[in-house]
Amino acid sequence: MSQAQTTSPTSSETTGPSKKQHSSLKVLTVVGYLEGTSFLLLMGIAMPLKYMMGMPEAVKYIGMAHGILFIAYILVLLITVGRIRMPLWAMPAGVLGSFLPFGPFIFDHFLKKTLNKNAEK
């Protein structure tokens, strides 16, 4: 056998992500969007209500939901990294994105763009 034959791509590499990988990425996207939305609600609505209107209840409930979604997002990110071949920057960027407003949305965009570009190669 020649070296060209032994280094040819397998069928799974040429067809893109498997169903399991695709579903993992979809779950990461959904949880990321929920976490990002809860963060924006917390910072944009609940915190102003607390400090400008004296209504701390919004922070209590939205903050609790955001905390649960934050933990879920980090866990789903860890699981997804284990299931799909992701670029080296993906894990730290995903964690960093969870601390920034609009971070999960931007991370999801760049991750999908990178994965689609790698699938075309």
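1. In this predicted model, helix 3 (19-53) and helix 6 (103-120) each supply at least two residues of the lining of the largest cavity. Of the elements involved, helix 3 gives the most to that lining, with 4 residues.

2. The structure holds 1 cavity of 30 Å³ or more, and the volume of the largest cavity is about 30 Å³. Its lining is made up of Leu-28, Thr-29, Gly-32, Tyr-33, Tyr-73, Pro-104, Phe-107 and Asp-108, and by class these divide into 5 nonpolar, 2 polar and 1 charged residues.

3. Leu-111 also deserves a look: this residue lies in helix 6, and it counts as buried because its relative accessibility is 0%, where the cut-off for buried is under 20%. Leaving aside residues up to four places away in sequence, Leu-111 touches Leu-25, Leu-28, Met-86, Pro-87, Trp-89 and Ala-90; of these, Leu-28 is also one of the residues lining the largest cavity. Between the C-alpha atoms of Leu-111 and Ala-93, which stand 18 residues apart along the chain, the separation is 9.5 Å.

4. On confidence, the chain has a mean pLDDT of 86, with 86% of its residues reaching 70 or more. Among the elements of the chain, the highest mean pLDDT, 95, belongs to helix 4 (residues 57-83), whereas the lowest, 45, belongs to helix 2 (residues 11-14).

5. Where pLDDT is low, predicted coordinates should not be read in detail.

How values were computed:
Residues are numbered from 1 along each chain as its sequence is written. This is a predicted model: local features need pLDDT of at least 70, side-chain atom pairs count only at pLDDT 80 or more; totals for chains, interfaces and linings use all residues. Side-chain values use heavy atoms; hydrogens and water are left out. On a 1 Å grid over the protein atoms alone, a cavity is a set of points where a 1.4 Å probe fits but cannot get out, and a pocket is an open set with protein on both sides within 12 Å along at least five of seven lines; lining residues have an atom within 4 Å of a point. Grid points are joined across faces, edges and corners, and a volume is the space filled by probe spheres set on the points. Ala, Val, Leu, Ile, Met, Phe, Trp, Tyr, Cys and Pro count as nonpolar, Asp, Glu, Lys and Arg as charged, and the others, Gly among them, as polar. pLDDT is the predictor's confidence in each residue, from 0 to 100. Buried means under 20% relative accessible area, exposed over 50%, partly exposed in between (1.4 Å probe, protein chains only). Contact means heavy atoms within 4.5 Å.
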